Structure formats: structure tokens, C-alpha cells
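Please keep the sequence and the structure in view while reading.

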Amino acid sequence: TSLLEGIPAVCLNATDIPPEHRLDVLKQTTAPLFDVLPTEKTRPFSYSITSYLVQHLTFTQASFDEMQMTRTSRHLSRHRPDCITLSYFPAGSMQGTLESGAPLQMANDVISIQDFAYPFEGVGQSDGFMSVTIPRHAIAIYDQIYKRYPMFSWPITSPAGRVLTQAWLTLWETLPNISQTDAPAIAQGFIGLLNGLLSGLPNGLLPAQENMAAQVASATEDAMKAYLRDNLHQ
């Protein structure tokens with residue numbers, strides 16, 4: 001853990017692993033999500049991964065040489081496709097396709113939301129990849145994302161993109177000092193912010209039911225209250 005009573009944390013750095021075992025260790029680590037394979041351009045292969053578990057959210061920052069990532073129906077059958085990921089490439093990118101043929105494109109000018117219930121393949125490289133793995137049930141509009149938007153992005157220069165990026169980067173810096181006691185409020189606040197931003201998506205992404213709108217409003221209000229309560233001393 002990051003502190004004696006801190007949140008669970010794990011660090012994986014290729015420089016600490018014998019070269020002949022680096023790929024096998026990475027494959028085993030990422031096996032529940034996708035298969036990885038370095039490209040021919042990658043010699044020698046290098047990566048580093050740091051992850052924190054904040055209640056039910058997994059925050060990750062990574063750097064990795066160019067590699068191919070493939071999520072197949074085999075992954076869906078072995079592991080429940082119950083997560084949605086938030087991704088940001090401050091330095092680097094990923095290009096690929098979903099199983100349907102829809103493009104899978106992530107770059108340093110967008111924050112992407114991807115439903116992992118859909119197989120995909122792509123090639124990525126990054127010096128600062130960031131992600132949050134979120135249980136599906138925590139997203140207020142998860143059903144709409146699954147049915148209509150398995151992959152979409154916010155420009156980081158958009159109002160929603162700026163708010164989310166700033167909150168995310170600030171939170172990442174504080175994670176090494178967060179205690180287990182703080183974790184539920186931190187997770188609730190982040191999800192409340194995300195759900196609030198999702199409620200403003202165009203093109204009728206949100207369903208019209210009043211109860212869904214109430215859920216989003218309630219989560220956002222709870223997140224605002226928790227943030228204010230935890231920061232009044234400042």
C-alpha cells in the first residue's frame with residue numbers, strides 16, 4: 001500500500017524485471033483485460049505501470065513502448081465485461097478498431113470512454129497514459145453507453161474536458177497520501193463529477209426517464225457536498 005493505512009497500490013517497472021521475463025509478466029498482469037504483444041519496432045521492450053485502488057475504482061498511470069492490444073470474445077467469456085474505462089493519453093496515442101469495424105482512436109487531445117463489453121484491437125504507445133477502470137453499475141447511463149456509444153471522446157479543450165482533466169490530474173497527485181478512510185468519499189466524488197458531466201452530453205444520450213435524471217442530479221450533489229466538507233479547512 002502507499003502508506004501504512006493507505007489505499008492499495010501496485011507498481012510494475014520493466015527495469016526491475018529480467019529482460020527475458022518482461023513480456024510474460026506484462027501478459028499475466030493485463031490478461032483479464034486484453035492480450036499484449038510488442039510490435040517489431042519495439043527493441044528492447046519497456047514499460048512501467050502504477051495503479052491505485054480507490055474503493056471500487058482503479059486509477060492507473062503507465063508508460064509503454066509500442067505494442068498491440070487485443071480484447072477478444074475469449075476475454076468476455078472468462079471475465080465478466082462489467083467495466084467501463086476512462087482513458088487519457090497526455091503523451092502518445094492508440095489507433096485501432098472495435099469488432100464492429102468502428103474506429104478506436106485515442107490521442108492527447110481527448111478523454112475517451114470505452115465500454116469493455118466490446119472486443120477490439122489496436123496499437124498504442126505512450127509516455128504518460130492514464131486510465132480509470134469503473135464498474136459498470138457506477139455509471140448512471142451505462143445502459144445507453146453499451147447500446148449506443150461503446151466508444152466516444154471529449155476534447156480536452158471543451159468545458160467538460162477541462163473540468164474532468166483538471167480534477168483527474170489533481171486527484172492523481174494526491175492518491176499516494178489518501179487513506180482507506182478517505183477512499184469512499186474520493187470515489188463517490190469522482191463518479192459524481194463524471195456522471196454530472198455525462199448528463200450534459202448532446203444528441204439525447206441520456207434517457208428521458210425522470211428517475212435517471214434524478215440519479216445523476218443526486219450523485220452530482222453528493223459529490224459537491226463531499227468535496228466541500230473535505231476541503232472546508234482550506
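Contact here means heavy atoms within 4.5 Å. On that basis, residues 24 or more positions apart account for 75% of the contacts in the chain with a separation of 6 or more. This is a predicted model, in which local features need pLDDT of at least 70 and side-chain atom pairs count only at pLDDT 80 or more, while totals for chains, interfaces and linings use all residues. Residues are numbered from 1 along each chain as its sequence is written, and side-chain values use heavy atoms, with hydrogens and water left out.

The chain holds 6 helices and 10 strands, where helices (H or I, at least four residues) and strands (E, at least two) are DSSP runs, numbered from the N terminus. Of its 234 residues, 42% are buried; buried stands for under 20% relative accessible area, exposed for over 50% and partly exposed for what lies in between, with a 1.4 Å probe and protein chains only.

Helix α4 spans residues 159-174, and its 16 residues reach 23 Å from the first C-alpha to the last, close to the 22 Å expected at 1.5 Å a residue; the expected span is 1.5 Å times one less than the number of residues. Its buried residues are Ala160, Gly161, Leu164, Thr165, Trp168, Leu171 and Trp172. They are on the same side of α4 because they cover an arc of only 140° around the axis, the arc being that of the directions from the helix axis to the C-beta atoms. The face turned away from this buried side carries the exposed residues Pro159, Arg162, Gln166 and Glu173.

## How α4 meets α5

Two packed helices are described by the angle between their axes and the distance between the axes. The axes of α4 and α5 come within 10 Å and cross at roughly 170°, with axes taken as lines fitted to C-alpha atoms, for helices over the stretch in contact, and angles running from 0 to 180 degrees between N-to-C directions. The two helices are therefore roughly antiparallel to each other, a label for angles over 145 degrees, whereas those under 35 count as roughly parallel, 65 to 115 as roughly perpendicular and the rest as oblique. From α4, the contact is made by Ala160, Val163, Leu164, Ala167, Trp168 and Leu171, and from α5 by Ile186, Phe190, Leu193, Leu194 and Leu197.

Alanine 183 is found in α5, which covers residues 183-198, and counts as buried at 2% relative accessibility. Leaving aside neighbours within four places in sequence, alanine 183 is in contact with Ile7, Val54, Gln55 and Ile178. Alanine 183 and glycine 6 are 177 residues apart in sequence and 9.0 Å apart in space, C-alpha to C-alpha.

## Helix α1 and tyrosine 47

In helix α1 (residues 22-30), Arg22, Leu26 and Thr30 are buried. Seen down the axis of α1, these buried residues fall within an arc of 50°, so they line one face of the helix. They pack against β2 (35-38), β3 (47-54) and β4 (57-71).

Tyrosine 47 lies in strand β3 and is buried, with a relative accessible area of 2%. Not counting residues up to four places away in sequence, tyrosine 47 touches Leu12, Asn13, Ala14, Ile17, Arg22, Val25, Leu26, Ser63 and Phe64.
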